[in-house]
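Take a look at the two chains below. Keep the model in view as you read.

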Amino acid sequence: MSLLELRHVCKRRSCGGRKVVVLDDATLRIDAGELVAVWGLRGSGRTTLLRLAAGIDAPDSGTVLFAGRDLLKHGEEILGREIGYCQKSFRAGAGRAAIDEVIVGLLVKGAAPAEARARAREALERVGGERVGARRISELDSGERVRLAIAHALSLQPRLLVIDEPVAGVDLRERDEVLLLLRSLADEGVAILMTVGDLTGLSGADQSLTIGDGELCGSPRRGLEPVADLSLRRQASG
Amino acid sequence: MGGVNRERHVAPMQSSVNWALLGLIIERPSYAYALAQRFERTYGDALSLSSVSHAYAALGTLKDRGLIEELPGTRTGRQPKPHYRATARGLEDYHAWLIGQVAEERKRQKVFLLQLTALTRDPEQAMKIVEDYEQACLGETCTTLIATGDEDAPDGALALQARLIAEEKRLAVGAKIAWARYARSELKALANGRAGGLAGERAPNQ
C-alpha cells in the first residue's frame, strides 16, 4: 500500500465563468521515502494537485488515499499531523522571531511549551536554519523562509511533506542546497511531494512529473517497479 | 615545422578521442600511459580508448598535426616516458573545435527532431511518441543528481566541473521537457481540430 495514492482524480475549477479541467483521471502513488517533483506552467494546476494531495481540497471525482484512508473522510485528523503542508507566507507573524513561528505551530497542536521550544530548535537545526531562529521573519531572504517553512512542517513529524515551489526565487546555490535538504529528508523516510516552476528543480527526484492540459505525465518510479506498470499516462481528454 | 604539418593535414581531425586526449594534455602535460588512465577516469563510459596503444596512436596523430610537442628532457632513462604538452596551435584548434561542436550538436538535434516529428500528419500517433519522449526526459531528470563538493578543496576544479556538467544537463533536459509539453499541446489542438472538422462534415448526414 502506498503512503499517498490518487486514484482517477478529476478536478475542475472556474476560470472566467467557464469550467477548466485541472486534473482529468489523474493517478499517482507515492511511497515513504520518495521525493516526487511536479513541474507545470503557471495556472497548470500544480497547487491544486498539492491541495488535493494534502486533503485541503476535495476532488470532484476519484479518491485520494493516505495510508489507505480516504482524505475526504479523514483529512482533518491527518493534515497537520501526518501530512505537513509547507506555507511559505508568514503574514501574521512577520515581526516576530522565526523560531516562534515554529513554536506556535506546535503549541496549537497541544505540545507543552518546553517541548515545543525543543522540537522547534531541533527542526530548525535539521534544515540548517539554526541561525535563522532568532531573526525576525521579515528579515529572512527567500531561501531562509523556505527553510523556516520546512522546519515548521517538519516539527510536526509528518510522514508526507507537501511543498509548493520550494526553490522559487532562490539563487542557484541556495536552490541546490534546498533540493539536497529535501532529498536528505526523503532518504530518511519522509515522503515529499513538491512543485517546481523551473525544470531544473526536477533533478534528483524519484519521480518527476509534468502537469498541464489536465494531465499528469511522469517518469518511471526509480528502482521500484518496471516501467510498464508505472505509466501515469492517460488518454488525453478530447 | 608546424607550418609543414598544417599543410600536410588539410582534412580536419574528426576523432573525438583525439580531441579529448588533446584536452587532457592542455589541462596537464603528461606521458602516454598516465594520459590513458586519466582518459578512462575522466570520460568513463562516455568515450573510450580501445587500448593503451590507442592512446599512443592518438598522440602520434596529435604530434604529426603540430597540436602537441614533447617536453624537452623527458625522454631519458632506461624506460623513457616522453611527456607531451599542447602547442599554441593545439590550444587554438581545440578552442575552435569546441565552438564548432555547437553547430554539430544543433545538426544532430535537428535530425533527431525531424525523425521525432515525422508523424505529425497522424497527430494521435505523434502525440504518443512525444509523450514517450517526455517520459524518457523526465526519467533523465531522476538520474541527474545534484552535484556537491567543496570547490575550495585541492580538487575543487573537479567539483566545479561536476557542477557545471550537471547544470548543463538539467537545463538541456528541462528544455526538452518544456518542448515536449508544447508539442503535445499543439498536436492535441491539431487532433481536436481534425475531429471537429470531421464532426462538422458528418453533421449534414445525421
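The report below goes from the whole model to its sheets, cores and contacts.

## Reading the model

This is a predicted model: local features need pLDDT of at least 70, side-chain atom pairs count only at pLDDT 80 or more, and totals for chains, interfaces and linings use all residues. Residues are numbered from 1 along each chain as its sequence is written, while chains are lettered from A and ligands numbered from 1 in the order in which they are written.

The score pLDDT is the predictor's confidence in each residue, from 0 to 100. Chain A averages 87. In that chain, 89% of the residues score at least 70. Residues 223-238 of chain A stay under 50. Where pLDDT is low, the predicted coordinates should not be read in detail.

## The two chains

Chain A has 6 helices and 10 strands. Helices (H or I, at least four residues) and strands (E, at least two) are DSSP runs, numbered from the N terminus. Of its 238 residues, 47% count as buried. A residue is buried if 20 or more other C-beta atoms lie within 10 Å of its own, exposed if 12 or fewer, and partly exposed in between; the C-beta atoms are placed from the backbone.

Chain B has 7 helices and 3 strands. Read from the N terminus, its elements run α-α-β-α-α-β-β-α-α-α. Buried residues make up 22% of its 206 residues.

## An open sheet in chain A

In chain A, 4 strands form an open sheet in the order S2-S1-S4-S5, with antiparallel pairing. Two strands pair if DSSP finds at least two bridges between them. S2(A) (18-30) and S5(A) (69-70) stand at the edges, each with a single partner strand, so one side of each has no neighbour in the sheet. S4(A) (residues 61-66) pairs with S5(A) over 2 bridges. Here Leu65(A) stands opposite Asp70(A).

Helix H1(A) (residues 46-54) packs on this sheet. The helix touches S1(A) (4-15), S2(A) and S4(A). Its direction makes about 130° with that of S1(A). Such axes are lines fitted to C-alpha atoms, for helices over the stretch in contact, and angles run from 0 to 180 degrees between N-to-C directions.

## Strands covered on both faces

In a regular strand the side chains alternate between the two faces of the sheet. Look at S6(A) (residues 83-86). Ile83(A) and Tyr85(A) point one way, Gly84(A) and Cys86(A) the other way, and all are buried. S6(A) runs parallel to S7(A) (residues 160-164), joined by 4 bridges. Cys86(A) stands opposite Ile163(A) in S7(A).

S10(A) is also covered on both faces. Glu215(A) and Cys217(A) lie on one side, Leu216(A) and Gly218(A) on the other. S9(A) and S10(A) run antiparallel, with 4 bridges. Thr210(A) stands opposite Cys217(A).

## Nonpolar cores

The largest nonpolar core has 79 residues. A nonpolar core is a set of buried Ala, Val, Leu, Ile, Met, Phe, Trp, Tyr and Cys residues joined through C-beta atoms within 7 Å. Among the residues with the most contacts inside this core are Val36(A), Ala53(A) and Ile150(A). Helix H5(A) (residues 142-154) gives the most to this core, with 7 residues. Apart from it lies another core, of 16 residues, among them Leu21(B), Leu24(B), Ala36(B) and Leu67(B).

Where does Leu67(B) lie? Leu67(B) is in the loop between helix H4(B) (52-64) and strand S2(B) (68-70). Leu67(B) is buried because 29 other C-beta atoms lie within 10 Å. Beyond four places in sequence, the contacts of Leu67(B) include Leu22(B), Ala86(B) and Asp93(B). Two residues are in contact if their C-beta atoms, placed from the backbone, lie within 7 Å.

## Where the chains meet

How many residues of chain A are in contact with chain B? There are 22, and they touch 22 residues of chain B. Helix H6(A) (172-187), strand S9(A) (207-212) and strand S10(A) (215-218) each supply at least two residues of this side of chain A.

By class, that side has 8 nonpolar, 9 polar and 5 charged residues. Ala, Val, Leu, Ile, Met, Phe, Trp, Tyr, Cys and Pro count as nonpolar, Asp, Glu, Lys and Arg as charged, and the others, Gly among them, as polar.
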